[in-house]
Amino acid sequence: MSGEYPGNGAPDGWFRGNGDGPGPSPEANMWRGSSPDDVTTQMPKVPAQGYPNEAAPTQQVRGHIPAPADMWGGFDGRTRQQESYQAPQPPFEPEQRPAFVPDQPPSGPFDRRPGAGSGAAPRRRHTKRWVFAGIGTAAVIGVAAVLVFDQAATPGAASTHNGAAPKPSPSGFQPTATSPAGDAEQTAAAFFTAWQGGNDAQAAALTDDPTDAQSVLAGYRTGLNLSGLTLTEQDSTAAGLVTFSVTAHVASTAVVTAGATTAPSPASTGASPSATGSAGSDSAATGTWTYTSHLTAYQKSGGWYIKWDPSLVAPNTTASVHPVALAIKPGAKSVTDAEGNSLSASSQSALQAIAALVKKNTDTGKGTAGLEIVLEDAKGKIVSGSASQLAAPVAMGVVKTTIDPELESLAATAVGKLPRSSMVVIRPSTGAILAVANTPGSGDTALTGTLAPGSDFKVVSTASLLLHGMLPQGVDTPVGCPLVVTVQGVKIHNSTDDPSSKNNSKNEDFEPPTTPFSTDFAQSCNNAFTQWWQQMADGKLAGTALNYFGLNQPWDIGLGTPGSYFHMPSDQSGSELAEEMYGQGVIQANPLSMASVAATVDMGSFHQPYLVAGLTDLKTATPLPSSVKTQLYSVMREVITSGTAAGVGFGSGVYGKTGTAEADANKDNMPNGWMIVFDPSKDIAIAGVVVDSNFGASTAGPEVNYVLQHY
């Protein structure tokens, strides 16, 4: 008699590596981390321009420090202010100027500390609010200054008294103060007036890069849904450095889930989030964002300009990265099983993880949205770790999941019998997930495992053979199972009688050519399946998995975002396809997806598994033809009565399939044991796996049977 291990042999060797074994958990959201609690966050530090990977160094007074006249080509701050002066000049032409570092004002004679430097130039330490109007409101600045653009004498222009043509007016802003600090202050004031008044073009024209400036200012206004802006000067120096505060009234432009932020330290951005965020629903929010920034004004060619740097608009802003305001969904206050017991308090780490995800991601329609600022790049993607929370969401709703406490308790007991065991129980008639359990400390293989399903997948392969007419007499069609099948030079064996023997050449199973296919299935003989690889080419096998069993597509089971619980290539061929016919190769599955396979056979149609009722994006599939369903019932019952699971002790009315899959991650060459079953009278389907163990009939089989016997 063939053993279960047939059906899990490998090409030319018993434990040929194929990617089995527990895989990594699904990657976390790449642009956003999460924490258990909603915490106030800040945007991370972006290295100061000109100092990669570190903040701009503070200048130290060592030896000779260039006087302002040396640095700027004009006014020397070491002398007293005179009636006439030479204003600060740019260090180089605009395209050569070194990057300004807002966080580090010039040091030396212009040090802004009280009493810094003997004979330091007078400076202004004051606070002025230049404009008190909201966005789009015209504002008047109380300084005698005028912005004059590049002009030239035109034909017919008025002549001077001696007949000479008038001189062109200088370009740039024309301040009227009597000191460098005053002129910088007036230039900054004109910029503030235009910016907060909603005139981005006028504000940009005051800079030395109008095109980039206007683009950045517009992106700032749009990304924050800006409804009001107040700019207040804090300090100005003779070096042209102006410090100012920003108070921006923002509103959400989109919605994200609660807790989906990473918490940079406040010091990393200089921003001070306001706690005044509010919302009228769980999908929109408004709030106030306050922070401090800097700009530099300088004189060139007779006029004054703002030295353009996108980061003066908001911390870490660049020409291609701008801030965006997002509402944070309040999520749920608590998550329970079907009878109201808290999942967070469960001893099963899988249920605790489910509770955390459902609590964060589920939209209950109750509560108050939070508000956060994030950085968005030119492609519309969020910069990872950039979130700064202005107001935390307030959760109020309670979410009840489909977890059945009785079945969950039975499953938890069952997986405790052997190390590295995992199990999922499903309600076939609805797709409701009734239990999720893993051996403590073994990870969440039940939902996130990426293991080869082994011979359990022969259920799908058999359905595909029947659907495509490969078995003209149905499961009674004579199909032999030879010792070896060679596919494109690769020799595929069945198996030895005992995985622990590590003997790949003795006691191999086979079936003669007159053997009914139902017997091949019940005895799980591999090469009764591999020999059909040519007939199943062109995606037929993958098509059956998708179109009739609902596999190989993302499922939203209620954790917030759709996830992948099964993977199989759609373009398989040759030896790869031959191996996939018996559930190996590069197929990846877990107990959730394989319990769904059993449930699909039970009902004759696929019902996507789910944990939370009311989901709107449940996947569907084509029902199995009644003849295919009937024949799958027949062969799965034969597994229980006279096949590989005959010795497990399943009761009447139970249908199943054993599986034993190689696991290349295991150094001792022990396979993963699988078992899937369904019991129509109890309306439950179960899949269990024991990693790094033995035959599915001797490992996962008894664990699954324990649940059936006690429910």
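The side chain of threonine 402 comes to 3.3 Å from the backbone oxygen of tyrosine 610, in a model that is predicted.

Q: Why is threonine 402 called buried?
A: Threonine 402 has a relative accessible area of 13%, and because buried means under 20%, the residue falls in that class. Its place is in the loop between β16 (397-400) and α6, and, leaving aside neighbours within four places in sequence, threonine 402 is in contact with Ala338, Ala432, Ile433, Leu434, Tyr610 and Leu611.

Q: How do you know that β18 is largely enclosed by the rest of the structure?
A: Of the 6 residues of β18, 6 are buried, so the strand is largely enclosed by the rest of the structure.

Q: What makes β17 and β18 a pair of strands?
A: Pairing requires at least two bridges, and β17 and β18 are joined by 5 bridges in the antiparallel sense, so they count as paired. Methionine 423 stands opposite alanine 437 in β18, and in the hairpin of these strands, which has 6 residues between them, glycine 431 takes a positive phi near 95 degrees.

Q: Why are β18 and β21 called edge strands?
A: The open sheet has 5 strands in the order β18-β17-β23-β22-β21, with antiparallel pairing, and the strands β18 (433-438) and β21 (655-661) each pair on one side only. Neighbouring strands of this sheet are turned by 10 degrees against each other on average, with direction ignored.

Q: How do you know that β21 and β22 pair?
A: At least two bridges are needed, and 7 bridges join β21 to β22 (residues 672-679), so this antiparallel arrangement passes the requirement. Within it, threonine 660 stands opposite glycine 673 in β22.

Q: Which helices lie against the sheet, and which strands do they meet?
A: Helix α13 (residues 591-603) packs on the sheet and touches β17 (421-426), β18, β22 and β23 (684-690), with a direction at about 35 degrees to that of β22. Helix α15 lies across β17, β22 and β23, running at about 150 degrees to β23.

Q: What is the geometry of the crossing between α6 and α15, and which residues meet there?
A: The axes of α6 (residues 405-415) and α15 (residues 700-710) come within 9 Å and cross at roughly 145 degrees, and α6 passes α15 in a right-handed crossing. From α6, Glu406, Leu407, Leu410, Ala411, Thr413, Ala414 and Val415 meet Glu703, Tyr706, Val707 and His710 in α15. The residues of this contact divide into 7 nonpolar, 2 polar and 2 charged.

Q: What makes β10 a mostly covered strand?
A: In β10 (residues 322-328), 7 of the 7 residues are buried. His322, Val324, Leu326 and Ile328 point one way, while Pro323, Ala325 and Ala327 point the other way, and all are buried. The strand pairs with β13 (residues 370-376) in the antiparallel sense over 7 bridges, and alanine 327 stands opposite leucine 371 in β13.

Q: Which residues of α11 are buried, and what covers them?
A: In α11 (residues 540-547) the buried residues are Leu541, Ala542, Gly543, Thr544 and Ala545, and what covers them includes α8 (458-467) and α12 (574-580).

Definitions and conventions:
Residues are numbered from 1 along each chain as its sequence is written. This is a predicted model: local features need pLDDT of at least 70, side-chain atom pairs count only at pLDDT 80 or more; totals for chains, interfaces and linings use all residues. Side-chain values use heavy atoms; hydrogens and water are left out. Buried means under 20% relative accessible area, exposed over 50%, partly exposed in between (1.4 Å probe, protein chains only). Helices (H or I, at least four residues) and strands (E, at least two) are DSSP runs, numbered from the N terminus. Axes are lines fitted to C-alpha atoms, for helices over the stretch in contact, and angles run from 0 to 180 degrees between N-to-C directions. A crossing is left-handed if the near helix is turned anticlockwise from the far one by less than a right angle, and right-handed if clockwise. Contact means heavy atoms within 4.5 Å. Ala, Val, Leu, Ile, Met, Phe, Trp, Tyr, Cys and Pro count as nonpolar, Asp, Glu, Lys and Arg as charged, and the others, Gly among them, as polar. A polar contact is a pair of N or O atoms within 3.5 Å; within protein, one must be able to donate a hydrogen and the other to accept it, and residues adjacent in sequence count only if both atoms are side-chain atoms.
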